[in-house]
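Trainee: I am new to this structure and would like to look closely at one part of it.

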Amino acid sequence: MRWNWIPLLLTVPLGSSLANAQSVRIGVLGIFHPHQLTLSACGAEAIVVTASGQTFFLQPGSPTERLQIRASGDILLLSLAGKEIRTSKLHAAGRNQDAVNFVLDVPGKLERRYRGTLDVKIVDGVLVPVITMDLETAVASVVQAESLPGTPFEVLKAQAVVTRSYFVAGAGRHVEFDFCDLTHCQFLREAPRPGSPAARAAEATRDLIITFDDKPVAAMFTRSCGGHTLTPADIGISSGGYPYFSVLCDFCYKNPVRWSRRVTSKDAVVLSDHHEAGRLAVDRRLGWNAVPSNNFKEQKSGTEFILEGVGQGHGVGLCQRGARAMAEEGAGFHEIIDHYFPNTSFGHVVPHTPLAHRN
Ligand SMILES: [Zn+2]
Ligand SMILES: [Zn+2]
């Protein structure tokens, strides 16, 4: 039997958990499968780009200093002010390898502002931009992207704690980076402006995470649960350490979001086990929200099936709609998290300390 090595554990402050994530690696803009990107500076600082053994600077405020990045087979073609470089990968950061403000533009689609360092490589002929971002910037960005306008502040705080816990505990969902910027992981666009509710919610809960058995929980959330939350086992996914519990969500129970869909008998077979994999497979083919949740009853109707369901999303963890109702009745974020994540505690992200002195 393995035993805990006490002197090592004593280096951890009491009441905290062993979580060392201070930054997160997020693959962005993958939904566009980009073959072309433009990188430019948008703050006061210059961007230092290194590629193929060469270093060059992108100065802020200069329209000629936009770096074009194109995919050509398995090569990146960089062009800047008439000069071209062929490379396999690119790294961009501030002057001392610090985080820097930059804009990534997918020509003809959109542009987004980020703060962090950037790596771009090419995988299967497609550009893969990966941003290494401060954890708190990532948390604030997700709170902003995942919350509806007018969400009570205590719900934003609960969302920030859930999001941070997920980032700390849930790394490794992808090969080239830890998290994507879609709802597959957590939806993330730009960082909110300082002083906005999302930024304040992240600040007010800085470093706070949900723990179970002294380990961070990869906490999940859903838009509305339909009356009871589900467990990962209910929808055929791994619980990742925390078992979850099906909890009563009073507001959704009394006012469930109901939906109805007609699907082919072939899709009904894919959906028959009510697992998340089947729902996502059908959604990927028919479009987002084709099957809003895993909580439904099916009934044959001619050659097709009618699904009558409740809830929106996978149904596991924090219910955003129920949390909102709880906050409107006076619950604080601690209470909201205790309700949706029974038997958990709160812990803190601790700074990384090298585990060097074992003797
Ligand atoms: Zn993902
Ligand atoms: Zn609910």
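Which residues in H2 meet which residues in H3?

Mentor: This is a predicted model, in which local features need pLDDT of at least 70 and side-chain atom pairs count only at pLDDT 80 or more, while totals for chains, interfaces and linings use all residues. Residues are numbered from 1 along each chain as its sequence is written, chains are lettered from A and ligands numbered from 1 in the order in which they are written, and side-chain values use heavy atoms, with hydrogens and water left out.

On the H2 side, Leu135, Glu136, Ala138, Val139, Val142 and Val143 meet Leu156, Gln159, Ala160, Thr163, Arg164, Phe167 and Val168 in H3, where contact means heavy atoms within 4.5 Å. The residues of this contact between H2 and H3 divide into nine nonpolar, two polar and two charged, counting Ala, Val, Leu, Ile, Met, Phe, Trp, Tyr, Cys and Pro as nonpolar, Asp, Glu, Lys and Arg as charged, and the others, Gly among them, as polar.

Two packed helices are described by the angle between their axes and the distance between the axes. Here the axes of helix H2 (residues 135–146) and helix H3 (residues 153–169) come within 9 Å and cross at roughly 130°, which makes H2 oblique to H3. Axes are lines fitted to C-alpha atoms, for helices over the stretch in contact, with angles running from 0 to 180 degrees between N-to-C directions; angles under 35 degrees count as roughly parallel, over 145 as roughly antiparallel, 65 to 115 as roughly perpendicular and the rest as oblique.

Turning to H7 (residues 276–286), its buried residues are Glu276, Gly278, Arg279, Val282 and Asp283, buried meaning under 20% relative accessible area, exposed over 50% and partly exposed in between, with a 1.4 Å probe and protein chains only. These buried residues of H7 pack against helix H6 (265–271), whereas Ala277, Arg284 and Arg285 are exposed on the other side of H7. Just after H7, Gly287 takes a positive phi of about 115°.

Technical notes
Helices (H or I, at least four residues) and strands (E, at least two) are DSSP runs, numbered from the N terminus.
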